[in-house]
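Hi everyone, thanks for making the time.

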Amino acid sequence: MLTKIRRLFMIKTKFEAFVVIYALAVGATERGIVYMAQYPGLSGKLLALCCTGAVFMAGGKIIDAIDMRAELGYPD
(Lines give C-alpha, C1' and ligand atoms only; values in the text may rest on other atoms or scores of the structure.)
Protein backbone atom coordinates (compact mmCIF):
# COMPACT_ATOMS: atom_id res chain seq x y z
CA MET A 1 0.00 0.00 0.00
CA LEU A 2 2.78 2.41 0.89
CA THR A 3 4.61 1.64 -2.35
CA LYS A 4 1.52 2.60 -4.34
CA ILE A 5 1.29 5.91 -2.51
CA ARG A 6 5.03 6.51 -2.90
CA ARG A 7 4.83 5.97 -6.66
CA LEU A 8 2.35 8.85 -6.90
CA PHE A 9 5.08 11.26 -5.79
CA MET A 10 7.82 9.97 -8.10
CA ILE A 11 8.63 11.74 -11.35
CA LYS A 12 9.05 8.94 -13.89
CA THR A 13 8.87 10.59 -17.33
CA LYS A 14 10.11 13.78 -18.90
CA PHE A 15 6.53 14.92 -19.41
CA GLU A 16 5.90 14.73 -15.67
CA ALA A 17 9.17 16.58 -15.10
CA PHE A 18 8.12 19.38 -17.44
CA VAL A 19 4.76 19.68 -15.67
CA VAL A 20 6.50 20.00 -12.31
CA ILE A 21 8.96 22.55 -13.71
CA TYR A 22 6.07 24.53 -15.17
CA ALA A 23 4.34 24.60 -11.78
CA LEU A 24 7.57 25.76 -10.14
CA ALA A 25 7.95 28.50 -12.76
CA VAL A 26 4.40 29.77 -12.25
CA GLY A 27 4.94 29.98 -8.50
CA ALA A 28 8.32 31.65 -8.90
CA THR A 29 7.01 34.32 -11.27
CA GLU A 30 4.13 35.04 -8.91
CA ARG A 31 6.58 35.40 -6.03
CA GLY A 32 8.78 37.59 -8.22
CA ILE A 33 5.85 39.91 -8.94
CA VAL A 34 5.20 40.19 -5.20
CA TYR A 35 8.87 40.98 -4.58
CA MET A 36 8.85 43.73 -7.21
CA ALA A 37 5.76 45.25 -5.62
CA GLN A 38 7.15 45.10 -2.08
CA TYR A 39 10.69 46.22 -2.95
CA PRO A 40 10.56 48.81 -5.73
CA GLY A 41 13.69 49.41 -7.74
CA LEU A 42 16.73 47.26 -8.30
CA SER A 43 16.38 45.16 -5.14
CA GLY A 44 12.94 43.87 -6.14
CA LYS A 45 14.14 43.05 -9.64
CA LEU A 46 17.13 41.16 -8.26
CA LEU A 47 14.93 39.12 -5.93
CA ALA A 48 12.58 38.31 -8.82
CA LEU A 49 15.58 37.26 -10.90
CA CYS A 50 16.71 34.95 -8.08
CA CYS A 51 13.28 33.31 -8.03
CA THR A 52 13.37 32.52 -11.73
CA GLY A 53 17.02 31.47 -11.58
CA ALA A 54 16.18 28.91 -8.92
CA VAL A 55 13.62 27.35 -11.28
CA PHE A 56 16.27 27.02 -14.01
CA MET A 57 18.64 25.26 -11.61
CA ALA A 58 15.97 22.97 -10.20
CA GLY A 59 14.61 22.17 -13.65
CA GLY A 60 18.02 21.18 -14.90
CA LYS A 61 18.57 18.89 -11.92
CA ILE A 62 15.15 17.27 -12.40
CA ILE A 63 15.79 16.58 -16.10
CA ASP A 64 19.28 15.25 -15.34
CA ALA A 65 17.85 12.94 -12.67
CA ILE A 66 15.29 11.53 -15.13
CA ASP A 67 18.05 10.89 -17.68
CA MET A 68 20.30 9.30 -15.06
CA ARG A 69 17.53 6.97 -13.84
CA ALA A 70 16.94 5.81 -17.42
CA GLU A 71 20.67 5.36 -18.04
CA LEU A 72 21.19 3.31 -14.90
CA GLY A 73 18.12 1.19 -15.61
CA TYR A 74 16.05 1.85 -12.48
CA PRO A 75 12.58 0.28 -12.67
CA ASP A 76 9.69 2.74 -12.82
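Let's begin with charges: searching the whole structure turns up one salt bridge, meaning a side-chain nitrogen of Lys or Arg within 4 Å of a carboxyl oxygen of Asp or Glu. The partners are Asp 67 and Lys 14, at 3.2 Å, N to O. They tie together distant parts of the chain, 53 residues apart, with Asp 67 in helix α3 (residues 42-72) and Lys 14 in helix α2 (residues 14-38).

A quick word on ground rules. This is a predicted model, where local features need pLDDT of at least 70 and side-chain atom pairs count only at pLDDT 80 or more, while totals for chains, interfaces and linings use all residues. Residues are numbered from 1 along each chain as its sequence is written, and side-chain values use heavy atoms, with hydrogens and water left out. Helices (H or I, at least four residues) and strands (E, at least two) are DSSP runs, numbered from the N terminus.

How exposed are the two partners? Asp 67 has a relative accessible area of 33% and Lys 14 comes in at 38%, so both are partly exposed. On our scale, buried is under 20% relative accessible area, exposed is over 50% and partly exposed is in between (1.4 Å probe, protein chains only).

Staying with α2, its buried residues are Ala 17, Ile 21, Ala 28 and Gly 32. Part of their cover comes from α3, going by contact, which is heavy atoms within 4.5 Å.

Now the rings. There is one aromatic pair in the structure: Tyr 35 and Tyr 39, with centres 6.3 Å apart and planes at 40 degrees, so it is tilted. The rule takes rings of Phe, Tyr and Trp (its six-membered ring) with centres within 6.5 Å; planes under 30 degrees apart are stacked, over 60 edge-to-face, and the rest tilted. Tyr 35 is partly exposed at 21%, and so is Tyr 39 at 41%. Tyr 35 also has the charged end of Arg 31 over its ring, 4.5 Å from the centre; that needs NZ of Lys or CZ of Arg within 6 Å of the ring centre and within 35 degrees of the ring normal.
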